[in-house]
Amino acid sequence: MKKIAVVEKFFEPQHQRQIEAVAAKHGYTVDYYMDGVLPEERAGEYEIVYGMPARTDLKGMTQLKWFCASFAGVDRYVDEALYPHEGVLLTNSAGAYGVTIAEHIIMVTLMLLRQMLPTMKAVGEKVWLPPLPVRWCPACCARCMPMAWRCLSWKCCHCTIWACP
């Protein structure tokens, strides 16, 4: 039977079940290496490898047909000399983390708006702070918010969060 190696640390059981169902449908079995390392003695067994193996490990993947990187930037993997033979398909996961990045931006924005840094400092120093104002300015937010993606600093005409060009 054909084999897939998943060399990643972050899969949940439901992800594994989904991967295994699709793999079985196409005649593959799946082995997981949750420590992020594909053992050298097993490297030659896999036609498909998903994850981020060390560049030096690729030569030992003698059956490799498809290397799917679990990240967007694959510049360090484009050299044909890294692979055991010509014709290995290299793909990446560009766009797979769009929602995660958007959530992170919203979280950081809320942290700044809600004065999280001074609050964390006070907690670390074990002191109480007076109530801190929420950083928001109705006078200019209508002008600033649509252009927030272009803002360059944290000072504005009325508020301290958005700086619009």
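## Close-up views of a predicted model

**View 1. The salt bridge of Lys-121 and Glu-125.** Lys-121 counts as exposed, at 54% relative accessibility (exposed is over 50% relative accessible area, buried under 20% and partly exposed in between, with a 1.4 Å probe and protein chains only). Glu-125 is partly exposed, because its relative accessible area is 48%. The two side chains meet in a salt bridge with an N to O distance of 3.9 Å (a side-chain nitrogen of Lys or Arg within 4 Å of a carboxyl oxygen of Asp or Glu). Glu-125 and Lys-121 lie four residues apart in helix α3 (residues 116-125), so about one helical turn separates them.

The model is predicted: local features need pLDDT of at least 70, side-chain atom pairs count only at pLDDT 80 or more, and totals for chains, interfaces and linings use all residues. Residues are numbered from 1 along each chain as its sequence is written, and side-chain values use heavy atoms, with hydrogens and water left out.

View 2. The chain holds four helices and five strands (DSSP runs numbered from the N terminus: helices are H or I with at least four residues, strands are E with at least two). Of the 165 residues in the chain, 31% are buried.

**View 3. Salt bridges of Arg-42.** The structure holds six salt bridges. In one of them, Arg-42 is paired with Asp-31, and the closest N and O atoms are 3.0 Å apart. This pair links distant parts of the chain, since Arg-42 stands in the loop between β2 and β3 and Asp-31 in strand β2, eleven residues apart. Arg-42 also meets Glu-45 in a salt bridge, again with an N to O distance of 3.0 Å. Arg-42 counts as partly exposed because its relative accessibility is 26%. Glu-45 is likewise partly exposed, with a relative accessible area of 31%.

**View 4. The ring pair of Tyr-33 and Tyr-46.** The structure holds three aromatic pairs (rings of Phe, Tyr and Trp, the last by its six-membered ring, with centres within 6.5 Å; planes under 30 degrees apart are stacked, over 60 edge-to-face and the rest tilted). In the pair of Tyr-33 and Tyr-46, the ring centres are 6.2 Å apart and the planes stand at 85 degrees, so the pair is edge-to-face. Distant parts of the chain are linked here: Tyr-33 and Tyr-46 are 13 residues apart, both in the loop between β2 (28-32) and β3 (48-51). Tyr-33 counts as buried, at 9% relative accessibility. Tyr-46 is also buried, with a relative accessible area of 0%.

**View 5. A cluster of rings.** Phe-71 and Tyr-77 form a tilted aromatic pair, with 5.9 Å from centre to centre and 40 degrees between the planes. Both of these residues are buried. Through ring pairs, Phe-67, Phe-71 and Tyr-77 are linked into a cluster.

**View 6. The loop between β1 and α1.** Phe-10 is found in the loop that lies between β1 (2-7) and α1 (13-25). With a relative accessible area of 42%, Phe-10 is partly exposed. Phe-11 is found in the loop between β1 and α1 as well, but Phe-11 is buried because its relative accessible area is 15%. From Phe-11 to Tyr-32 the C-alpha separation is 9.2 Å, although the two are 21 residues apart along the chain.

**View 7. The largest pocket.** The largest pocket has a volume of about 390 Å³ (the space filled by probe spheres set on grid points joined across faces, edges and corners). Of the 15 residues that line the largest pocket, Ile-4, Val-6, Ile-19, Val-22 and Tyr-50 are the closest to its centre. A pocket is an open set of points, on a 1 Å grid over the protein atoms alone, where a 1.4 Å probe fits, with protein on both sides within 12 Å along at least five of seven lines; lining residues have an atom within 4 Å of a point. β1, α1, β3 and β4 (66-69) each supply at least two residues of the lining of the largest pocket. The most comes from α1, which gives five residues.
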